[in-house]
Amino acid sequence: MDDAATIALEAQLGAHVIAGEGGAYTHFAVRSPRASGVSLCIFAQGEEYRTPMHRQGEFWRTTLKGDLAGAAYGYRADGEWAPEKGLWFDSSKLLVDPYAVELDRRFVHDLALSDYGVDTLGLVPHAIVPGQREAAPHEAPLFRRGGLIYELNVRGFTLLHPDVPEGLRGTVGALAHPAIIAHLKKLSVSAVELMPITAWVDERHLPPLGLRNFWGYNPVAMMALDPGLCPGGVAELRATVAALHREGIGVILDLVFNHSGESDEEGPILSLRGLDNETYAHDGDGQLVNITGCGNTLDFAQPHVRTLTLASLRHFVEQVGVDGFRFDLAPVLARSPDYDPHAPLFNEIAADPVLADRIMIAEPWDIGAGGYQLGQFPDNWLEWNDRFRDDLRRFWKGEGSIGALATRLAGSSDIFGEQACRSVNFLAAHDGFTLADLLSYDQRHNEANGEHNRDGHGDNHSWNHGVEGPSQDPQVVEARARDARALLATLFASTGTIMLTAGDEFGRSQQGNNNAYCQDSPIGWIDWHARDLALEGFVAGLSAWRAARVESFEQFPEDGLWLNAKGEAMSIADWEVPEADALAYTSSAYRFAIDRKAHSVRLDDRDAEA
């Protein structure tokens, strides 16, 4: 390695093994601008060995002789303890490297993590020094607009699969099993979207309830894989991505950069809080900004926050080969403090040679002022379209108009304009009712979450067909099946990218729970023995129909014609009839006909009735 390359590597944060002329050495660097001292902690044979680091501006660095790949390490920071001033320095707290890529164990919440002077050596995971590995091949993303994204929770999706070996179930590696891949291919999946697989910690109210975070939207180390989901670390994820790629299936990671699991002022000291609490946004009174509902918000007006985010994204592309990313509460990434559609992070991603061609998907809302930003992300980003979800639900419930339905089917140009459609259309997602529960419950049933059924969305545009919950009434069963097929067929006929949440293709239920974030239980696990195979086959047929003409769904065909119930061209008067229940569309690319009274959808010559 030449001198310039060595200097560039040493400038990076995290732990890096460097091969020099005099032998290998390992460089450590961490940012902590207001600390009075930082120590590197190496763990071996049950002992902790501390090495004082030297300051270099905002950073602290040290170099140890030898190739320490595989060694366990962490940091301790000295300085003022004054939480009222935003200073949380406590050398008794072991701190995880914000740039860690692997950990030796999962995070566990404990009240001691917040107590000054209480050593947390036995509570906090150790980071693992990564070895040198060749970068994954940088190839164009397999996913293209118009395709089918399949959202899944790794543990919940694979834990009960009867064909996956028991020791593999619940892990990232299970996604590479032939039985899983066969199911994905049966559905013509373009890309899987993995709910968070980076290391997270439970919210502090969950352990006393006997619950734990199941979804992973409470991260601590932004690029370190959760050892429970991915025990084989980076190598396991890389091998799984490669296996899916060989079958033509892309991989999109759902990542959380809007907040961290260190939470509010009563939260744990695990990493950033103990190194640089100013990484979190504060208001004019010095109080933590909470526009995530989680107690804290990362401050993307600060360059070092964006640097960490970009490094995380590059890591997953360079070392794993993923096709893209979905960003939870994405407006936070562009706040300083107001949302800026031309925010620095957007420009930095676009200018980055590793990231510029990746698929970027925004969840375009947070809970702060001006937090709803649907349609306001960069032109090359995709966005979750909740307007599509709600307008389709309203229509099939009997409350929405054919005009609103047609606008959503045609790509939501009222939101995204006339260019290639950026909408991610969906009927249901991890957050909310499953598709089956949408048609079986008028009210949420989140009692198992321990919050007296106050959590989760209260307005779901759902309809239970006259019975709340499961029913053996043949008429109710038939009506629910009919509406499920109508909703699904409408989704697959829509312009834009479409998303299906795992299990909705075969009638998965969460027992009416529409906020199953803490249900690492049968409520959250997919029951593969309870599949509605007829519905699954129906969805597979829809997806094959769409996949055969996927390019037609990137942008609404310009040569088409809307037709009324009589098969005549729609007039202005036809569009304005409030009780209208039927419409059709025909073009050289495809045709569909929708009849709400008959609960039917026809795609070309394919009958989508129940």
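Helix α6 (residues 303-320) packs against helix α7 (residues 344-351) at an angle of about 35°, and their axes lie 11 Å apart. The model is predicted, so local features need pLDDT of at least 70 and side-chain atom pairs count only at pLDDT 80 or more, while totals for chains, interfaces and linings use all residues. Residues are numbered from 1 along each chain as its sequence is written, and side-chain values use heavy atoms, with hydrogens and water left out. Helices (H or I, at least four residues) and strands (E, at least two) are DSSP runs numbered from the N terminus. Axes are lines fitted to C-alpha atoms, for helices over the stretch in contact, and angles run from 0 to 180 degrees between N-to-C directions.

**Packing of α6**

- On the α6 side, the contact (heavy atoms within 4.5 Å) is made by Arg306, Thr309, Leu310 and Leu313, and α7 contributes Pro344, Leu345, Glu348 and Ile349.
- By class, the residues of this contact comprise 5 nonpolar, 1 polar and 2 charged; Ala, Val, Leu, Ile, Met, Phe, Trp, Tyr, Cys and Pro count as nonpolar, Asp, Glu, Lys and Arg as charged, and the others, Gly among them, as polar.

- Strand β11 pairs with strand β18 (residues 497-501) in the parallel sense over 4 bridges.
- Tyrosine 150 has leucine 500 in β18 as its bridge partner.

**Open antiparallel sheet**

- An open sheet of 4 strands has the order β4-β3-β7-β10, and its pairing is antiparallel.
- Its edge strands are β4 and β10 (127-128), each of which pairs on one side only.
- Strand β3 (residues 37-44) is joined to strand β4 (residues 47-52) by 6 bridges, and the two run antiparallel.
- Strand β3 is also joined by 7 bridges to strand β7 (residues 72-78), again with an antiparallel run.
- Phenylalanine 43 has glutamate 48 as its bridge partner in β4 and stands opposite alanine 72 in β7.
- The hairpin of β3 and β4 has 2 residues between the strands, and glutamine 45 takes a positive phi near 50° there.

**Cavities and pocket**

- On a 1 Å grid over the protein atoms alone, a cavity is a set of points where a 1.4 Å probe fits but cannot get out, and a pocket is an open set with protein on both sides within 12 Å along at least five of seven lines; lining residues have an atom within 4 Å of a point.
- Grid points are joined across faces, edges and corners, and a volume is the space filled by probe spheres set on the points.
- The whole structure contains 2 cavities of 30 Å³ or more.
- The largest cavity has a volume of about 170 Å³, and of its 20 lining residues Asn153, Met195, Thr501, Arg508 and Gln510 are the closest to its centre.
- Both β11 (148-152) and α2 (154-158) supply at least two residues of that lining, which divides into 10 nonpolar, 8 polar and 2 charged residues.
- The second largest cavity holds about 50 Å³ of space, and its lining residues include Arg34, Trp88, Arg273 and Glu278.
- Helix α5 (272-276) and strand β9 (87-88) each supply at least two residues of the lining of the second largest cavity, with the largest share, 3 residues, coming from α5.
- The lining of the second largest cavity divides into 4 nonpolar, 2 polar and 4 charged residues.
- About 1200 Å³ of space lies in the largest pocket, which is lined by 47 residues, with Trp215, Thr292, Cys294, Asp431 and Asn515 nearest its centre.
- Helix α8 (residues 386-397) gives the largest share of the pocket lining, 5 residues, and the lining has 14 nonpolar, 17 polar and 16 charged residues.

**Backbone features in loops**

- Serine 336 and proline 337 are joined by a cis peptide bond with omega of about 0°, and proline 337 lies in the loop between β14 and α7.
- Serine 412 has a positive phi of about 55° although it is not a glycine, and this serine 412 lies in the loop between α9 (402-409) and α10 (413-416).

Terms used: Pairing = 2+ DSSP bridges.
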